[in-house]
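Please read the points beside the sequence and the model.

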Amino acid sequence: MIRFEQVGKRYPNGHVGLHELSFRARRGEFLFVTGHSGAGKSTLLRLLLALERPTSGKLLLADQDIGSISNSEIPFLRRQIGVVFQNHHLLFDRSVFDNVALPLQILGLPREEIEQRVSEALERVSLKDMGEQFPSDLSSGQQQRVGIARAVVHQPALLLADEPTGNLDPRLAAEIMGVFEDINRLGTTVLIASHDLALIARMRHRLLTLQRGRLIGDGEPT
Amino acid sequence: MSSRQQLPRGAEEGAPEQRQRRLQEAESTDWGGLLRAYLDSHRASLVDSLRRLARQPFGSFLTCLVMGIALSLPMGLSLLLDGVERLGGSWQRAAQISVFVKLDVAEVEGQALREQIAGMPEVLNAEWIGREQGLEQLQQYSGLGDALKELPDNPLPAVVLVTPREIDKAALEGLRERLAGLPGVDLAQLDLQWVERLGAILKLGDRFVFGLAVTLVLALLLVVGNTIRLHIENRRAEIEVIKLVGGTDGYVRRPFLYAGAFYGIGAGLLAWGLLEYGLNWLNQSVVGLAALYDSDFALGGVPLDDALSLLAGALLLGWVGAWLAVARHLRQLEPQ
């Protein structure tokens, strides 16, 4: 599913985001990426989303080489990915339903199918009856769940999450992680960038540890 | 989650499996459903654009008004020039050749000359103005009545006023030469200089209108472009999210193109209204002035085909302006 082969990312100002990073993730795998601020977690996610290109090495996502993919192919690559952000990135002038429906509208699915899939996605994150509400009416935890529903509504092959529990209390964080595990059980590869080591330790999934752009650990958390 | 019913394009699969799946998908594709979804998507963009414009009615109206005024200026001038050209044309059709008869030609011989001229195929009409009649008219219209009465003899020759059938300048010149060569004719005068001058002025006016139109079209593109740029800035966050979840540039561009087209249609309608009102208002004075010259000339309104061209052009301008603005700013709106 994901293949990093000696991937490097050097910015024009000389800063090295990633240094010869190599790892693979199978389809349906659940993995965490951790590290201090500046370790390269965000760079890794940005590369997977084709927001940036590697400056060396080879990065394959679903057999597509992100280093050489054309700009016009990028939107179609991103349609295979769901993204969850720490600050949700919801559209506050649209209802919960419309926020979640956005990826499906972009895919050009028929209205009936959109309604059905959005309803299923909201049910999965326990927000079934909140489709008509607006994000500003919801708590931070509920907003995060709307973000998750939007990320999975188009049934992506890969789900990326950047500090998805950063603003949540431990109970809500565990709840959100439970949602990710449910999604993973259905075959979606899940990659979460987080520095919450306690939470990661409880989940007992594969953990990649980055330090200054280098991979210094790959295995189950101890 | 239900099993994957429809993976987005490019989902991970081995090449043979992928080919097989594509074949299966192609066989089972609901083209009607896809077309409906495509039209639904366009309708949603259209309604969304309209709703956003309606949310700021005053600002949207002002933008349309600025564009409408800019559109109405060259169109209005062009319509006025058309009117003057029509008027000039009718005067040109009334172009006449004055045939001055020698002073020693008697009235009877002069009338015979008039009949000879009237019988020419190129001549529509030939009117006799005797020496006395000419003097009377001169006294009446020149304001020199008393001075002319003091003259010992009538110095004016008799004139045959010839109205030609042809209005072509070369044909008129040929006719004038033939008339000048007739026995008893002193001079045949064709005065088309003023018509030529009017033509030159109209040509200059046409060029001015063209230059003005080009300048204002550029200004309109800038107005639309700037307005759409502000729309884009206001929706920056939304555009970034759309791009993150796989929206293509075309998908992002669509609502802005509709907004530009709506601005164009609004501007076109306002320009049409302004022109109708302005021409009607001006026409009252034009009719009064024309009546003083025994003319029933009047400015027409905006012809329907011109009005429809105006609307189509305005819509196109709005759309192109929006397209240029989005194309310029879209690259700067990559998600961060």
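Which are the buried residues of α6(A)? Point 2 takes up this question.

1. This is a predicted model, in which local features need pLDDT of at least 70, side-chain atom pairs count only at pLDDT 80 or more, and totals for chains, interfaces and linings use all residues. Residues are numbered from 1 along each chain as its sequence is written, chains are lettered from A and ligands numbered from 1 in the order in which they are written, and side-chain values use heavy atoms, with hydrogens and water left out.

2. The buried residues of α6(A) are A:Leu172, A:Ala173, A:Ile176, A:Met177, A:Val179, A:Phe180, A:Ile183 and A:Asn184. Buried means under 20% relative accessible area and exposed over 50%, with partly exposed in between (1.4 Å probe, protein chains only). Seen down the helix axis, the buried residues of α6(A) fall within an arc of 150°, so they line one face; the arc is that of the directions from the axis to the C-beta atoms. The face turned away from the buried side carries the exposed residues A:Pro170, A:Arg171 and A:Arg185.

3. Helices (H or I, at least four residues) and strands (E, at least two) are DSSP runs, numbered from the N terminus. Helix α6 of chain A covers residues 170–185. Just after α6(A), A:Gly187 has a positive phi of about 105°.

4. The largest nonpolar core has 44 residues. Such a core is a set of buried Ala, Val, Leu, Ile, Met, Phe, Trp, Tyr and Cys residues joined through side-chain atoms within 4.5 Å. Among the members that touch the most others are A:Leu102 and B:Leu71. Helix α10(B) gives the most to this core, with 11 residues. A second, separate core of 39 residues includes A:Phe32, A:Ala121, A:Ile148 and A:Phe180.

5. Over all chains, the structure holds two aromatic pairs. Rings of Phe, Tyr and Trp (its six-membered ring) pair if their centres lie within 6.5 Å; planes under 30 degrees apart count as stacked, over 60 as edge-to-face and the rest as tilted. A:Phe4 and A:Phe23 are stacked, at 4.7 Å centre to centre and 15° between the planes. This pair links strand β1 to strand β2 of chain A, its residues being 19 apart. Both A:Phe4 and A:Phe23 are buried. The ring centres of A:Phe30 and A:Phe32 lie 5.5 Å apart with planes at 50°, so that pair is tilted. A:Phe32 is buried, with a relative accessible area of 0%.

Conventions. The expected span of a helix is 1.5 Å times one less than its number of residues.
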